[in-house]
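Visitor: I have a model open and a few questions about it. Can we go through it piece by piece?

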Amino acid sequence: MRIISGKYKGKRLTAPKKLPVRPTTDMAKEALFNIINNSYNFSNITVLDLFTGTGNISYEFISRGTENITAVDSHYGCLGYIKSVAKELDFSIEIVKSDVYSYLEKVKHKADIIFADPPYDFTDDQFLKIPSLVFENDLLNKDGILIIEHSKHTSLEKSPYFSNARKYGGSTFSFFEK
């Protein structure tokens with residue numbers, strides 16, 4: 001994987017092969033950040049990266065100037081990898097080992113952007129539980145957005161908070177807002 005823009009543009013990172021991850025492709029990531037860039041000043045936002053995996057999305061935000069990032073995952077290996085990258089590149093990132101659903105039920109601080117990249121084999125109910133918890137617990141700042149990455153074969157339009165979806169190859173980004 002590589003960082004596609006910002007201070008660390010072009011930096012290649014190689015995650016251990018044994019991690020249970022499917023990093024967002026460069027093409028999809030670039031398209032996503034082009035969308036986000038039109039609405040947010042990266043240096044002034046708070047980001048919550050759920051099911052962070054290798055930290056791919058968090059690194060992209062950091063490279064673009066975001067300083068307040070929390071990365072949540074339940075896998076020790078993934079979090080260990082993120083810690084090693086953060087130390088090597090002097091990234092400031094809060095790393096939380098937790099089940100994402102449990103975290104969303106207890107967290108008290110809000111974010112401007114919440115990005116979630118759960119396993120593609122989740123059921124629709126597992127996917128839809130994410131926006132339910134985010135909005136029921138009021139976890140987004142005013143004008144904040146929830147973005148969920150999922151397979152093009154999954155539809156999350158049933159959520160009352162669904163705004164729109166963008167497809168890139170086999171991936172889809174669904175956007176949710178109040």
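Guide: What follows covers the sheet, the pockets and the salt bridges.

Guide: This is a predicted model, in which local features need pLDDT of at least 70 and side-chain atom pairs count only at pLDDT 80 or more, while totals for chains, interfaces and linings use all residues. Residues are numbered from 1 along each chain as its sequence is written, and side-chain values use heavy atoms, with hydrogens and water left out.

Visitor: Sheet first. What is the strand order?

Guide: The order is β3-β2-β1-β4-β5-β7-β6, in an open sheet of 7 strands with mixed pairing. Strands (E, at least two residues) and helices (H or I, at least four) are DSSP runs, numbered from the N terminus. Two strands pair if DSSP finds at least two bridges between them.

Visitor: Which strands stand at the edges?

Guide: β3 (94-97) and β6 do; each has a single partner strand, so one side of each is left without a neighbour in the sheet. From one strand to the next, the twist averages 15 degrees. Angles run from 0 to 180 degrees between N-to-C directions, with axes as lines fitted to C-alpha atoms.

Visitor: And β5 with β7, parallel or antiparallel?

Guide: Antiparallel, over 6 bridges, with β7 spanning residues 171-176. Ile147 has Phe175 in β7 as its bridge partner.

Visitor: Pockets now. What volume does the largest pocket have?

Guide: Its volume is about 420 Å³. On a 1 Å grid over the protein atoms alone, a pocket is an open set of points where a 1.4 Å probe fits, with protein on both sides within 12 Å along at least five of seven lines; lining residues have an atom within 4 Å of a point. Grid points are joined across faces, edges and corners, and a volume is the space filled by probe spheres set on the points.

Visitor: Which residues are closest to its centre?

Guide: Pro20, Phe51, Gly53, Asp73 and Asp117, out of 24 lining residues. β1 (46-50) and α2 (56-63) are the elements that give two or more residues to that lining. By class, the lining of the largest pocket has 11 nonpolar, 8 polar and 5 charged residues. Ala, Val, Leu, Ile, Met, Phe, Trp, Tyr, Cys and Pro count as nonpolar, Asp, Glu, Lys and Arg as charged, and the others, Gly among them, as polar.

Visitor: What about the second largest pocket, what lines it?

Guide: The lining includes Ile35, Tyr40, Ile147, Arg166 and Phe175. α1 (26-37), β5 (140-151) and β6 (162-168) each give two or more residues to it. The second largest pocket holds about 160 Å³ of space.

Visitor: Different topic. How many salt bridges?

Guide: There are 7, a salt bridge being a side-chain nitrogen of Lys or Arg within 4 Å of a carboxyl oxygen of Asp or Glu. One of them joins Asp26 and Arg2, with the closest N and O atoms 3.0 Å apart. Asp26 is in helix α1 and Arg2 in the segment before α1, 24 residues apart.

Visitor: Is Glu88 buried or exposed?

Guide: Exposed, at 56% relative accessibility, whereas Lys11 is partly exposed at 29%. Buried means under 20% relative accessible area, exposed over 50%, and partly exposed in between (1.4 Å probe, protein chains only).

Visitor: Which residues form a network?

Guide: Salt bridges link Lys29, Glu60 and Arg64 in a network.
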